[in-house]
Structures are given as C-alpha cells and as structure tokens.
Amino acid sequence: MSDDDQNDSGEVNQGDMADEWAAAMEEAGETGGDVEDDWAAAMAEAGVSEEDEAEPEPEVAADPMPLQDFSAPGGGSAEQPDLQVVLDIPVSMSMEVGQTSISIRNLLQLTQGSVIELDRLAGEPLDVLVNGTLIAHGEVVVVNEKFGIRMTDVISPQERIARLR
C-alpha cells in the first residue's frame, strides 16, 4: 500500500484500496464476471442439469464383486479351511495377575513402594489373554531365569466364541 492511500490521520482510503483490488484482479485475468453464469457453464460442461444438482442419486455398483472363498486352496469346500492364510498374523498375548478399581485421587497419591490390592488370591491361576480375549488360565514358572506361564486350563474355542456374544 502506498502513502497516497492513507490520509493525514493514518486511516486507509477505502475507495482507493477497492480500485487497487479491482486493478489487481483484472491483471490476474479475473474480471469478476457473473459467478452464477460461471457456475452454470461449469455444471453444463460436466453434464449436470439443475434437477440433477438438487437431488444427487447415490452411486450403486452395477455388478458387486463376488466374495472370494478363503476356506480352502483353490476355493475348495468349507469342511477343511486353509489356516495357512492366518498362521503368520501377529497377536498380542498377555497374562493378567488381577484387577482393581481406584479413584483418580488415590491414583495420583501412588508413590514408590505403594501396594495395590488386587481381586485375586495368592496362588490363584493367572488369566492368559490374546488380543484382550481370555483363552486360558495358568501359573507362573521360571525358565532359564525368565518368567513363563504353564497353562493349567485352556478354554475351548466354542466357549471363547460364546463369551464374545
């Protein structure tokens, strides 16, 4: 903005600024023509009428993709599923010693050496979870100076599915 665009009090002369904007728009090739005419031309070019614009119809695939049968190699029967497809998928496995609920006030007061009482008795089996789903119970063992778990009760697949419902 030039010094000519300001009056003695430092305010900007709005008329001069509008003229500068108009000149800049013309230089850029934007003459500020009728926006509705531009919109109508663009819609006509796209092949859309005013009725189509008001109520667009949802697109529906003419021929949906058929589901692929992963049950057996070569699309065989569902009696013998091909488990090779899923055997290399990683899962998260965890062992749960117990649970408890405490207030945020008590949580913020925890310090080194604090003891939290859990809902399990000493010697009671731990829960073995895979991706958060209970699959077994077990007891803690030490193997080569590392903790491990010995499965004492494995939940059947039917029971696991029933618990998901």
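The legends below describe close-up views of a predicted model.

Local features are taken where pLDDT is at least 70 and side-chain atom pairs where pLDDT is 80 or more, while totals for chains, interfaces and linings use all residues. Residues are numbered from 1 along each chain as its sequence is written, and side-chain values use heavy atoms, with hydrogens and water left out.

**View 1. The largest pocket has a volume of about 200 Å³.** Its lining has 13 residues, and the closest to the pocket centre are Leu121, Ala122, Gly123, Glu124 and Leu126. Strand 3, residues 133-143, gives the most to this lining, with 3 residues. By type, the lining divides into 7 nonpolar, 3 polar and 3 charged residues. (On a 1 Å grid over the protein atoms alone, a pocket is an open set of points where a 1.4 Å probe fits, with protein on both sides within 12 Å along at least five of seven lines; lining residues have an atom within 4 Å of a point. Strands are DSSP runs of E with at least two residues, and helices are runs of H or I with at least four, numbered from the N terminus.)

**View 2. A nonpolar patch on the surface is formed by Val97, Ile102, Leu107, Leu110, Ile116 and Leu118.** Together these residues have about 490 Å² of accessible area. Valine 97 sits in the loop between strand 1 (93-96) and helix 4 (104-108). (Patch residues have over 30% relative accessible area and no salt bridge; nonpolar side chains are joined within 5 Å and like charges within 9 Å. Areas come from the Shrake-Rupley method with a 1.4 Å probe.)

**View 3. The model has 2 salt bridges.** (A salt bridge is a side-chain nitrogen of Lys or Arg within 4 Å of a carboxyl oxygen of Asp or Glu.) In one, arginine 150 pairs with glutamate 139, the closest N and O atoms being 2.8 Å apart. This pair links distant parts of the chain, with arginine 150 in strand 4 (residues 146-154) and glutamate 139 in strand 3, 11 residues apart. Arginine 120 pairs with aspartate 127, and there the closest N and O atoms are 2.4 Å apart. Aspartate 127 is buried, at 11% relative accessible area. (Buried means under 20%, exposed over 50%, and partly exposed in between, with a 1.4 Å probe and protein chains only.)

**View 4. Asparagine 144 lies in the loop between strand 3 and strand 4.** Asparagine 144 has a positive phi of about 50 degrees although it is not a glycine, and it is exposed at 72% relative accessibility. Glutamate 145 lies in the loop between strand 3 and strand 4, with a positive phi of about 65 degrees.

Terms used:
Grid points are joined across faces, edges and corners, and a volume is the space filled by probe spheres set on the points. Ala, Val, Leu, Ile, Met, Phe, Trp, Tyr, Cys and Pro count as nonpolar, Asp, Glu, Lys and Arg as charged, and the others, Gly among them, as polar.
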